[in-house]
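Here's a friendly walk through a protein model, taken one feature at a time. Have a look at the sequence and structure, then read on.

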Amino acid sequence: MGEAKRVSLRLALLFLVAFVSFSQLRASDDDKIFYESFEDSFEGRWVVSDKDDYKGVWKHAKSEGHDEYGLLVSEKAKKYAIVKELDNPAILKGGTIVLQFETRFQNGLECGGAYLKYLRPQGAGWTAKEFDNESPYSIMFGPDKCGATNKVHFILKHKNPKSGEYVEHHLKFPPSVPSDKLTHVYTAILKPDNELQILLDGEEKKKANFLSSDDFEPPLVPAKTIPDPDDKKPEDWDERAKIPDPNAVKPDDWDEDAPMEIEDDEAVKPEGWLDDEPEEIDDPEATKPEDWDDEEDGEWEAPKIDNPKCEEAPGCGEWKRPMKRNPAYKGKWHAPLIDNPNYKGIWKPQEIPNPNYFELEKPDFEPIAAVGIEIWTMQDGILFGNILIADNEKVAESLRQTKWKAKFDVEKEKQKAEDAAAGIDGLAGFQKKVFDLLYQIADISFLSQHKDKIIDIIEKAEKQPNLTIGILISIVVVIFTVLLKIIFGGRKPAKVEDKPTPVAESSNKEGSSKEEAEEDEKEDDGGAAAAPRRRRREN
């Protein structure tokens, strides 16, 4: 009888575990608002844009070294556009929303984007067949690298409740893009308390608040006050902190006309100097070309060569004393600077209430009706996969563990083995850690004004790894300079001019065009004409 009870209890426990597991699996599926693994072909389910600019060919292909499929960018230097509509729009208000996808730069990435656009409903004025960079999106998220640009974009397109216009708000100081060829997973978590988290491979890289002016540019909530555009600086406003001392008098012994350099009276002509020998002589071995025509080409002259006698002597030609610095030289006299008694500070227009100010408790997120990829890239081999929209963070975490982690570990071990086989494991590993650290340093907020310069240095170093130490020193110098400016202050602020401030317009276009100036080189058509004479030797 006891044995029968134990069997019954085991069966009951087994059924309970199965029921709970099934419930969790069911809940997990329910939490997935949208999921695309690309295990099946995208054709017939995703719509490729018919716009003329987008000639890039999408392919359904396996990830290198895996049996898992993805959506592949198959050609270089092309524009690509493809979109998939959701069965039901994803509502971003009132709860947590997770945006996640994988991408792999199988051939590296020097210039191109690999981000996703989460589009508004088609009532906003777009169609799948006409999908392009002007199609209205709610969020743009993902990696982008080209020139000085190296970041994981997060852009929220938010409707201004006063003007009704949609404005792009860019996340400030976003994380950098990994520089390897491994599969990486990008996650953005939008929380109901206005918090945004950006994860890279499951690790938090950025935390921000949608309503903070420190986190988005331009801020979602405009400033309460703005400079009065009609305010003008008074004519008698003196911005000079220092002025020349009006009571200062130039010293009597101050000679403004004294030259900077004078002849060295103590110099003596070197013994053996050949005063009567020229520095250059006609080349005795030169002969007049047979086709030389004196009437057309002029009188022929032999080309000049260095005088061989001057090679053995200290010098040739007229000897002149060398110049030395004039001890009496003081330059132009200027009165010393003193504190300006009329100094009023740097003028600024008075602040007035901002007519466009509004208060906002939460962002007015637009629904996501479709997921699109609209990029321009110089690289092929970019693979997208496991695109997820969910309202539960655990679903995204579970997907990272089941779909991404094992794949990433295999790729990482393979990369290590290849580096070891090439005999660069130690150095390459060290350099990769250095570059990863440098990219993290470039993301530090107080270095934001110098980020483009630092990123440019890092990218040059990646192409020439033997310069790693020099690059480190360069970046340390930049950081040290910035710290000095922070501690001791910078230069005197520039005067404020009454000029209109240009308004920067945001753009949906990826990458940046670079113009290179070319100079034409002129060739000398003198034929056998005399060669140009060399410069006289310095004494």
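Lys330 is partly exposed, with a relative accessible area of 40%. For that scale, buried means under 20% relative accessible area, exposed means over 50%, and partly exposed is in between (1.4 Å probe, protein chains only). Before going further, a word on where this comes from: this is a predicted model, in which local features need pLDDT of at least 70 and side-chain atom pairs count only at pLDDT 80 or more, while totals for chains, interfaces and linings use all residues. Residues are numbered from 1 along each chain as its sequence is written, and side-chain values use heavy atoms, with hydrogens and water left out.

So what does Lys330 pair with? Lys330 makes a salt bridge with Asp253, and their closest N and O atoms are 3.9 Å apart. The term salt bridge stands for a side-chain nitrogen of Lys or Arg within 4 Å of a carboxyl oxygen of Asp or Glu. This pair ties together distant parts of the chain, 77 residues apart: Lys330 is in the loop between strand 21 (323-325) and strand 22 (337-339), and Asp253 is in the loop between strand 17 (242-244) and strand 18 (261-263). Strands and helices here are DSSP runs numbered from the N terminus (E and at least two residues for strands, H or I and at least four for helices). Asp253 counts as exposed, at 59% relative accessibility.

## Other salt bridges

How many salt bridges does a search of the whole structure find? The count is 22. In general, side chains of opposite charge can pair when their charged atoms come close.

Asp67 bridges to Lys62, with the closest N and O atoms 3.7 Å apart; Asp67 is exposed at 64% relative accessibility, while Lys62 is partly exposed at 41%. Asp275 bridges to Lys269, and here the closest N and O atoms are 3.0 Å apart. Asp275 is partly exposed at 35% relative accessibility, and Lys269 is partly exposed too, at 36%. There's also a network of salt bridges that links Glu68, Glu102 and Lys407.

Is strand 9 mostly covered or mostly open? Strand 9 (residues 137-146) is mostly covered, with 10 of its 10 residues buried. Strand 9 also pairs with several other strands, where pairing means that DSSP finds at least two bridges between two strands.

Strand 7 (residues 111-113) runs antiparallel to strand 9 over three bridges, and Gly112 has Lys145 of strand 9 as its bridge partner. Strand 8 (residues 116-119) is antiparallel to strand 9 as well, over four bridges, with Tyr118 partnered by Ile139 in strand 9. Then comes strand 10 (residues 149-159), which pairs with strand 9 in the antiparallel sense over eight bridges. There, Gly142 sits opposite His153 of strand 10. The hairpin of strand 9 and strand 10 has two residues between the strands, and Gly147 in this hairpin takes a positive phi near 60 degrees.

## Loops worth a look

Pro121 is in the loop between strand 8 and strand 9 and is partly exposed, at 31% relative accessibility. Its C-alpha atom is 8.8 Å from that of Tyr137, with the two residues 16 apart along the chain. Another proline, Pro218, lies in the loop between strand 15 (216-217) and strand 16 (225-227). A cis peptide bond joins Glu217 and Pro218, with omega at about -10 degrees.

Which residues other than glycine have a positive phi? Ala77 is one of them, with phi near 50 degrees, and Asn194 is another, with phi near 75 degrees. Ala77 belongs to the loop between strand 4 (69-73) and strand 5 (78-90), and Asn194 to the loop between strand 12 (183-190) and strand 13 (195-200). Ala77 is partly exposed at 42% relative accessibility, whereas Asn194 is buried, with a relative accessible area of 11%.
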